[in-house]
Each structure stands twice: as structure tokens, then as C-alpha cells.
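Dear colleague,

I am handing over the structure we spoke about, with the sequence alongside.

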Amino acid sequence: MKWGTRKTTAVAITTLALFAGVLSGCSDSTPQAQTKVDNKAGTTETAKPAEPAKKGETVIYHLGETVNPEQVTNFNPFLATGNWPAFFDYVFDPLYYFNPVKGQLVPRLAAGDGTWTDDNKTYTVKLNMKAKWQDGKPFTVDDVLYSFNTLKNNKVLDRYQLWGDGRLQDVSAQGSDTVVFKLSKQFPSLPFYLSTVYIVPKQQFEKEDASQFLNKTPIGTGPFKFKSINESAIVLDKNPDYFLGAPNIDQLFIDRFNNSSTLTLALEKGDVQGSTGTVAMPSVPKLLENPVNKLQVFPGLSTYSVIMNNEKPGLSDNNVRRAIQIALDRKSLIEKGESNGVFPANPGFLSSVFGEMVDSKLLDNQAYGFNVNEAIKLLESAGYKKNAKGIFEKDGKPLSFTYHMAANAPAQNKEGAMITDWLKNVGIETTVKLVTWPELTKLLMAGDYELLQNGITTPPDPQAQLEIFHSKMTAPTKTNAPGLNYMRFRDEDVDKWLDEASSADSSKRKELYQQVQNRIAEKAPVAVMYNVGGHIPYRVDQFTNYNEDLPVTSALSLLQVKKK
């Protein structure tokens, strides 16, 4: 039997059920043009077009974002730091786009579904040769080969280990319009991993060191072209020759804000029309009082947690990590910090978006739920005793940690204050240190932290999400991790189960993934807070034709958006 590429297991049913629960009472009473995604062709179409803008009028869509100076130092999609990741969705294309709302792959530069050979070790993708680079040069199969081989030749760029053991062995061309991905072992997750690689122009990048290239004048195949950047905005022009259809808006202004509170105020005033997900969650109830404001919510691939460096003194003790895990009142975090705009996180880490692969029993397992008394008992059983300050210590060393979190992030700061108070209640002392989002990433990569509050976003596949706990994805503290195992967590059984699951059939994968999830819950390398796919604010008073079957401010949705 050959594997399909379209949908993660049971994603659609799970997503729709959760989506309905979160958005009850927030439905749009204003009639909207109905839109849909044609997943076979990978294009979008509208059933009832809105009235066009007046002739000669420049249609500008204002997208509000918190984009710090540290996030515009380069526009190289291969690099993990120095950029605002959502930028790449508008300017570049991957072979496939993972649509988190429906849990499906949508072709972008691919002409349709790929095909597996009978042994499921070779995957062939036909390209959409209508695409071309924004400087007018032709898009070729060599651009795709170059993009994937760059990851092979620069291991530091291969964050998801596409070229790791048992995975890609070779990427080659078949004629002028087809790419062949050859695997050393069966790897059914491959199509979803392909969605993580943006294709870059070989003729531009081959002249540079891709691991250092800042790409100040980005050229992609995407629906919007880079025009300029200043302190107030990133300006993108529409790509009139976009192969999936030109956008209806002429310019996309990514208006830059210092924090989510000022951005949310701009949304309330109508100065910006939407965001890719930045919003001051405590302000959401007030925002939604106005019927022109909407909030699209869906579970997804980001899990916010108190991330722990498992190599640091104290945190190397499983009992200490477990105590931190159950000191967190996740229900209160979701209600008070995120205004119910996010989803409960699985102590075994796997997102609910992955349906039947998830051990859902862990969500309600009292062993991993909020319990101050049990947290104290865990610390006492590990030999810790409270000192005169009420802080647990052992051998004269108190459980006192530096707690890093993002500056200028009201919801995160509120949640961090709640968490540090809860930790104090169980006898764990913290010293809060605020840094920028890019600095958080650098600290995680190098392991230069003790406790750090942030999200981890993974490729759209359960293997990829659980593999952040594989030892091959980490490195000793003070050495940059090659993958997303920022926790420096190591467990031989977890490695073995994940290695076996990588090439197993669906039934066996489910069994192995449940074993991994239970071990992660037991070992608590992170203390999960909540799951985020999207909580996307947008307005419907000036623009129409948002496609709610997609993230509404994604590139494929903004292709359809029209001015009223």
C-alpha cells in the first residue's frame, strides 16, 4: 500500500470540534462571500466575488505585527534567527503548504500530490512550471535541487534533520519538471517535512554562503514582492505574475509595532486590518464587542511551555522537573492569560491536531495536573528541605533559577508572573529576566538558560513533533543544538521508539508514539502551558473574501481578499 500525502490522521474532525467549542458565541453575523480551497489543483477560488476597487485606486492591506529590529537583520529563509518567519510565506513558496485549519497539504510549487514507489522509499513530485522568480527569471528544477542540497551541505541549517539517518539519501531531477526524493529507509512523514523548506533562486544563492547570507534583497516566487523596509513597516507589492493567481490587493503593508497592546489598539481603531496571530489576549473580549472584529482560532503546531535545561543543577533531577510541571495551573493560564483563545496542552507534548495519534488520556491524568501538595511531596521525597526563606534546598544548594521570558509581551509577562508565583508557592525561587524574542531563541539554541518561557513550533507531523525529544536533536550546553531539543533531554528508550516509528506503519506508529508521550509526561523535560495553532484577529469592515478554510491572513487567503 502506498502512502498518501493529504491529511494528518483524524485532523479534520479534531480541529473542527475544537474550533466550534472555542468560537461559540463569536460567529460572524455579516454575510460573507463564500470561498473554498481546491486541494487537487492547489489553487483557490471564490464563489461570489466582491465589488472591485475603483479604477486607479491603490488597494493597501495593513497587517499589524510586532517586528523587532533583531527580526529584520536578514531575509534568508534558511536561517533560524534574525528574521520574522511569517515574511517567508508571502514572498517565497515551498513545494507544499501545510494548512493547519484543515490539517492538509496544499500544493504550492508542486503541481499536485506526489507519488510513492511500491516500496515507499522514493517520492516523486511534479513541479508547477508556471511559476517564475519575481525578477522575471524562469523557475527551474535546479532551484529545487539546490534548496534541498543546501540543507545537506550545511547541517546547521537542517533543523528538522531531513538528511538525517534513514531519511533523504538523494534528491535528483527527472526531466525538466520533476523532482525525485530517494530515501534510505521508509519515511512516511516526508511530504509534510517538504512543507518546511522554502525554495530559493539558485542563481542568487549559489554566489553566497547560504549559512551566512543575509539576503537583503529577497527574490521569491511568492504572491508578494519585497519593496522596502523602514522602522514603521515592511512594504510588499503584489506579484502580478503569481502562478496561482495575482492578489487582489496592490500592496501589503506589514506595520511594525513595539508590543501587542499598541497593535491591538490599532486593530480596534481600524488602522490595521489583521495580524498573523499577534494580539493582546486580555484585550480580546473588548475587541470582539465590535462585530467588525473577528478572531479565528484553531489548534496547531506550537506548544508554549516552561522549557527546562535538563543539564543544569537541580533541573537534572526528574522530581524537580515533575514538581515544576504540576505547580502550573494550566486552566488558569488559558482562562486568565489567553482569554480562552488557545487549547490545552498535552503533558506528552503531542498536539491535539494529530488526532488518534495523541494519547488524549494524558490531558486529564491527575498525575500531571495542578497539585501544589503533590509538588511539595515530590521535592521532599528527593531529599530537599526548606530553608529559612521557605525555598527548598539540598546540600546547601537552593532551588533558585533564572527565569527568562519575552519583554514587551503583556500576555506572556502576565503568565510568567503567575507561573513564578506558583513556583514560589511550592518552594522554588526564580529571578525573572526579560529579553527579546530573538534573544530567547539564541539562549535556547545554546542552552544558555535554566528556565525559559516560550513556544516550540514543529513541522506538521507527529514524528517531527515528538522528535524534538530525540538525543540526535540536541548538543551539550554552550553548543548550538542541531535540532529543537533545546531541553538537552536524553532517553535511550525514547530514541529507540522514535527511530522505529520513523519507518513503521500507521498502527505501529500510534503504539510507539503513545509510549513516547507517556515517557515525556513522566520525565517532564518541559512543563507544558498550552497549545497554539492560530488566534488570528482580523476586521471585516473594509475587506471581504477572507478564506476561513485557511489561516485568514496567510498568503493563500490574502490572494483572495478584496476591498469592499
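How many bridges join β8 to strand β9, and in which direction do the two run? Please keep in mind throughout that this is a predicted model. β8 and β9 (residues 178–183) are joined by 5 bridges and run antiparallel, and within this pairing valine 171 stands opposite phenylalanine 181 in β9. Helix α3, which covers residues 141–153, packs on the sheet and touches both β8 and β9, and its direction makes about 160° with that of β8.

The sheet to which these strands belong is an open one of 4 strands, in the order β6-β7-β9-β8, with antiparallel pairing. Its edge strands are β6 (115–116) and β8 (168–173), each of which pairs on one side only. In the loop between β6 and β7 (122–126) you will find asparagine 120, which has a positive phi of about 55° although it is not a glycine. Most residues other than glycine have a negative phi. Asparagine 120 is also buried, with a relative accessible area of 6%.

A second open sheet, likewise described by its strand order, has 4 strands arranged β3-β12-β11-β10, with mixed pairing. Here β3 (60–65) and β10 (224–229) stand at the edges with a single partner strand each, so one side of each is left without a neighbour in the sheet. On average, and with direction ignored, neighbouring strands of this sheet are turned by 25° against each other. The pairing of β3 with strand β12 (residues 251–256) is parallel and consists of 6 bridges, and isoleucine 60 has glutamine 251 as its bridge partner in β12.

Turning to the aromatic residues, the structure holds 22 aromatic pairs. One of them is formed by phenylalanine 349 and phenylalanine 469, whose ring centres are 5.2 Å apart and whose planes are at 85°, so the pair is edge-to-face. This pair links distant parts of the chain, 120 residues apart: phenylalanine 349 is in the loop between β14 (343–344) and α10 (372–381), while phenylalanine 469 is in the loop between α13 (462–466) and α14 (492–501). Phenylalanine 349 counts as buried at 2% relative accessibility, and phenylalanine 469 counts as buried at 0%.

Another pair is that of phenylalanine 370 and tryptophan 422, with ring centres 6.2 Å apart and planes at 45°, so the pair is tilted. It too links distant parts of the chain, 52 residues apart, with phenylalanine 370 in the loop between β14 and α10 and tryptophan 422 in helix α11 (residues 410–425). Phenylalanine 370 is partly exposed, with a relative accessible area of 41%, whereas tryptophan 422 is buried, with a relative accessible area of 13%.

Elsewhere, Phe75, Phe87, Phe88, Phe92, Tyr198 and Phe226 form one aromatic cluster, and arginine 159 lies over the face of tyrosine 160, at 5.8 Å from the ring centre.

Finally, a point from the records: in an unreviewed entry, UniProt lists residues 105–471 as "domain: Solute-binding protein family". In the model, the end C-alpha atoms of residues 105–471 lie 29 Å apart, and the span is 26% helix and 23% strand.

Definitions and conventions: Residues are numbered from 1 along each chain as its sequence is written. This is a predicted model: local features need pLDDT of at least 70, side-chain atom pairs count only at pLDDT 80 or more; totals for chains, interfaces and linings use all residues. Side-chain values use heavy atoms; hydrogens and water are left out. UniProt positions are given in the numbering used here, feature names are shortened, and annotations may be inferred rather than shown by experiment. Two strands pair if DSSP finds at least two bridges between them. Contact means heavy atoms within 4.5 Å. Axes are lines fitted to C-alpha atoms, for helices over the stretch in contact, and angles run from 0 to 180 degrees between N-to-C directions. Rings of Phe, Tyr and Trp (its six-membered ring) pair if their centres lie within 6.5 Å; planes under 30 degrees apart count as stacked, over 60 as edge-to-face and the rest as tilted. Buried means under 20% relative accessible area, exposed over 50%, partly exposed in between (1.4 Å probe, protein chains only). A charge sits over a ring if NZ of Lys or CZ of Arg is within 6 Å of the ring centre and within 35 degrees of the ring normal.
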